[in-house]
Every structure is written in structure tokens, then in C-alpha cells.
Amino acid sequence: MSMRAVVYKGPKEVAVEEVDEPQIEHPNDVLIEITTSCICGSDLHMYEGRTAAEPGIVFGHENMGIVTEVGDGVSTLKEGDRVVAPFNVACGFCKNCEEGFTGFCTNVNPGFAGGAYGYVAMGPYKGGQAEKLRIPYADFNALKLPEGREHEDSFALLADIFPTGWHGTELAGLQPGESIAIYGAGPVGLMAAYSAKIKGASEIYVVDRVPSRLELAEKHCDATTINFEEGNPVDQIIDAHGDEVDRGVDAVGYQAIDPEKARDADDDDPYDPARENPAVVLNQLIRTVRPTGQLGIPGLYVPSDPGAPDEMSAEGRLGIDFGKLFEKGQKLGTGQCNVKDYNRELRDLIIEGRADPSFVVSHRVGLDEAPEMYEAFDKREEGVTKVLLEP
């Protein structure tokens with residue numbers, strides 16, 4: 001049996017093709033029929049050829065759907081259950097999983113701490129930008145949702161970006177009443193700002209260059225917005241706040257645009273690597289956050305980047321102002337989100353009407369439209385913030 005799926009063909013190219021349907025491979029597996037899968041900013045790193053991804057990967061690590069088949073060893077799920085799967089594939093019983101670090105499971109991807117659906121180096125797990133998906137260790141990995149279609153867009157964001165945004169504020173140690181600066185107003189940055197609002201931050205600053213994203217931050221997160229093309233964002237934040245802020249979040253990662261380089265680059269390609277400085281946001285955060293403050297870094301950094309702007313960053317080594325970090329006595333937290341640490345509580349906030357992260361969703365389209373939506377999202381086209389795919 002075959003199904004339709006989004007398949008990586010090479011840099012800047014994906015196609016919807018027929019692939020083999022997933023099968024139950026272990027008694028702990030379930031199969032789901034996908035109702036919603038999301039395109040993630042992390043997918044763009046592979047799409048752009050900026051990872052070691054080989055053609056043939058089925059994309060999609062943000063997945064939800066209806067259980068259609070249940071392995072003999074599964075005890076808490078049944079056919080017809082509506083579930084959302086954390087992007088982390090985790091076993092539930094290794095040391096890291098037992099301590100809550102499900103993003104760093106040591107059993108699901110031998111030789112690497114962490115597994116995920118449809119992502120380079122994250123194990124053999126096919127993605128869910130498709131009609132069906134296999135969820136391994138399903139009792140542990142699948143989060144049950146209320147029946148029906150209510151909150152479909154919001155629940156889909158529990159797979160990754162809502163917990164990851166929340167994780168960014170956790171890594172930064174944000175407490176109620178504190179001020180925070182968030183660099184990046186893509187989906188994760190917006191979710192970090194929204195999480196900061198829910199947590200009771202006194203002031204929220206959001207830095208980006210795309211007007212529609214900054215408008216969402218202002219409208220839904222009560223944020224003061226900073227356009228880094230209009231001047232140094234550190235200076236803008238300190239001027240607005242009157243001093244350095246308490247906490248900072250990097251929701252950009254290694255493909256950060258350097259405004260100084262951007263001014264000298266080719267305007268025909270606003271996302272050319274020549275415009276990038278992988279350390280620029282980290283160094284801006286060090287200067288934005290007060291002495292003894294804390295930085296949360298959920299933005300993706302990689303140990304190798306085939307399209308890096310220089311040889312050093314191609315090997316994952318960045319020119320971080322560590323002396324300034326040390327001088328200011330700052331702490332920092334890094335790493336991908338342990339989704340299970342947050343998704344149950346965030347689900348319940350959505351159910352009770354206390355959170356509605358769906359404001360970030362700009363498009364819900366059929367699976368066949370995935371190639372054109374990847375292109376639009378990659379170009380950061382105005383109005384394209386979060387794309388949901390529906391088979």
C-alpha cells in the first residue's frame with residue numbers, strides 16, 4: 001500500500017510523491033491518520049540544503065491525527081483516539097527520559113542523543129507531512145486530545161512550537177514581573193513572546209524585520225516590537241527599557257542575518273548566506289541582558305553547515321563574545337525542547353480557554369500545495385508565518 005507524502009528532493013525542492021504506508025513494527029507502535037501536520041522553520045534548514053540531509057527524507061515532525069491501528073503492547077490508546085505527537089521520539093525509560101529530557105533520549109537513535117520524525121540525523125522515523133504516520137513507544141509519546149475538530153490549529157502547535165517557545169522562556173529562567181527580549185518573530189519567537197505574556201513578564205521586546213510578524217507580536221503578545229533594519233536592536237531595547245533586560249531568548253539560530261552584511265549584499269536574494277553571521281544574535285543577546293541575567297537558546301545550531309558563510313561556522317564553531325558573557329556573569333541554557341515536559345499542561349490551557357496559540361497560523365492548505373508553501377515560507381513572504389498541511 002502507498003500514500004502521498006512530502007519528499008525532499010534536494011536544495012530548494014520538495015515534491016508530493018507516493019511512498020510506502022507505515023506499518024506496525026513493534027508491539028508498542030500505533031499508526032495514525034494525519035489530520036494536521038505543520039511546516040517548521042527547522043524544515044527550512046534541510047530544504048535549503050543547509051544540513052547533511054539526503055534526498056528521499058519524508059518531512060514532517062509536527063504531527064497530529066486519529067489512531068487507526070494499535071500494537072499489541074499498547075495499553076492506553078485505542079482506535080479512534082485523537083492524538084498529537086511530540087516532535088521528539090523518546091523511549092520513556094532511559095536515564096534522560098526518566099529525568100524529563102525526552103529531547104535527548106539515548107535509546108531511539110543509537111550514537112546520538114535524541115530522535116525526531118522526518119529529520120536529518122534524528123533516526124529512521126519518517127515524517128508526518130503525509131497521510132499516515134507510525135508513532136513508536138506510543139503509550140509514552142502520544143498525547144490524547146478531546147474528540148472532534150475543536151482547537152485543531154492550536155493542538156497541532158503542541159507538537160513543537162508552543163512547547164518550544166515556552167522552553168525558550170524556561171531556559172532563560174523567566175519569572176513573573178521580569179523583562180525579556182526575544183530575538184526572532186518567527187513561529188517559535190512568537191510562541192516565546194506569548195509564553196512570556198502568559199507567565200506574567202512585565203515587559204516583552206520582540207526583534208525581527210518582517211512587519212507582519214512584528215504586528216502579531218504586538219497584537220497577541222503585548223510586545224514592544226523592534227525592527228533591526230531601523231537601527232541596532234540592542235540600542236533600541238535599552239533606550240526603550242531604560243536599561244538592560246532581565247532575560248533573553250534566541251529564537252533565530254545559526255542562519256541569523258547580520259544587518260551590516262545585509263546592507264552590502266545582493267538585494268536579489270535577501271536570504272543569501274553572505275548576509276549571515278551565525279553568532280550575531282547570541283552576541284546581541286549578551287549585550288541586551290543585564291549582568292547575572294540568563295539567556296535561553298532554543299534557536300537551532302548545528303555542528304556542521306554546508307552552506308555556512310565562512311569555514312569556522314561551517315564546522316559549528318562561532319565567534320561568541322565569551323569574554324563579555326563571563327564579565328557579566330550570565331547564564332545560558334541551550335538545546336531542543338523536551339516537549340513532554342510541557343505539552344500536557346499547555347493542552348489543558350488551550351482546552352480551558354486560557355491559551356490560544358493559533359493566532360500564529362497563517363495558512364491551512366492541502367498536502368499537494370506543500371511545494372509552493374515551502375517556497376513562500378522560505379522566502380519569508382509577508383503574511384506567511386505558520387503553514388499547516390491537511391492531507
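Let me begin with a term: a polar contact is a pair of N or O atoms within 3.5 Å, where, within protein, one must be able to donate a hydrogen and the other to accept it, and where residues adjacent in sequence count only if both atoms are side-chain atoms. Please also keep in mind that this is a predicted model.

The domain assignment of the protein gives domain 1, covering 2-160 + 338-389, and domain 2, covering 165-334. To the contact between them, domain 1 contributes 23 residues and domain 2 contributes 27 residues. The C-alpha centres of domain 1 and domain 2 are 26 Å apart.

How much area is buried between domain 1 and domain 2? The value is about 2300 Å², and carbon and sulfur atoms give 62% of it.

Next, the polar side of the interface. Across the interface of domain 1 and domain 2 there are 10 residue pairs in polar contact, both residues being at pLDDT 80 or more. Sorted by class, the domain 1 side that touches domain 2 has nine nonpolar, six polar and eight charged residues. The rule also finds two salt bridges across this interface. As for Arg 50, its side chain meets that of Asp 305 in a salt bridge, at 2.7 Å from N to O.

I now move to the backbone. Most residues other than glycine have a negative phi. Ala 121, although not a glycine, has a positive phi of about 70°. Ala 121 sits in the loop between strand 7 (115-116) and strand 8 (132-135), and its relative accessibility of 48% makes it partly exposed. His 151 likewise is not a glycine and has a positive phi, of about 60°. The loop that holds His 151 runs between strand 9 (143-145) and helix 4 (152-156). At 29% relative accessibility, His 151 counts as partly exposed.

Finally, we come to Glu 152, which is found in helix 4. Is Glu 152 buried or exposed? Buried means under 20% relative accessible area; Glu 152 has 6%, and therefore counts as buried. Leaving aside residues up to four places away in sequence, Glu 152 touches Thr 35, Thr 36, Met 64, Arg 82 and Arg 364. With Thr 35, the side chains make a polar contact at 2.8 Å.

Note on methods:
Residues are numbered from 1 along each chain as its sequence is written. Side-chain values use heavy atoms; hydrogens and water are left out. Domain bounds come from an automatic or database domain assignment. Contact means heavy atoms within 4.5 Å. Buried area is the accessible area (1.4 Å probe) that two parts lose on being put together, summed over both. A salt bridge is a side-chain nitrogen of Lys or Arg within 4 Å of a carboxyl oxygen of Asp or Glu. Ala, Val, Leu, Ile, Met, Phe, Trp, Tyr, Cys and Pro count as nonpolar, Asp, Glu, Lys and Arg as charged, and the others, Gly among them, as polar. Helices (H or I, at least four residues) and strands (E, at least two) are DSSP runs, numbered from the N terminus. Buried means under 20% relative accessible area, exposed over 50%, partly exposed in between (1.4 Å probe, protein chains only).
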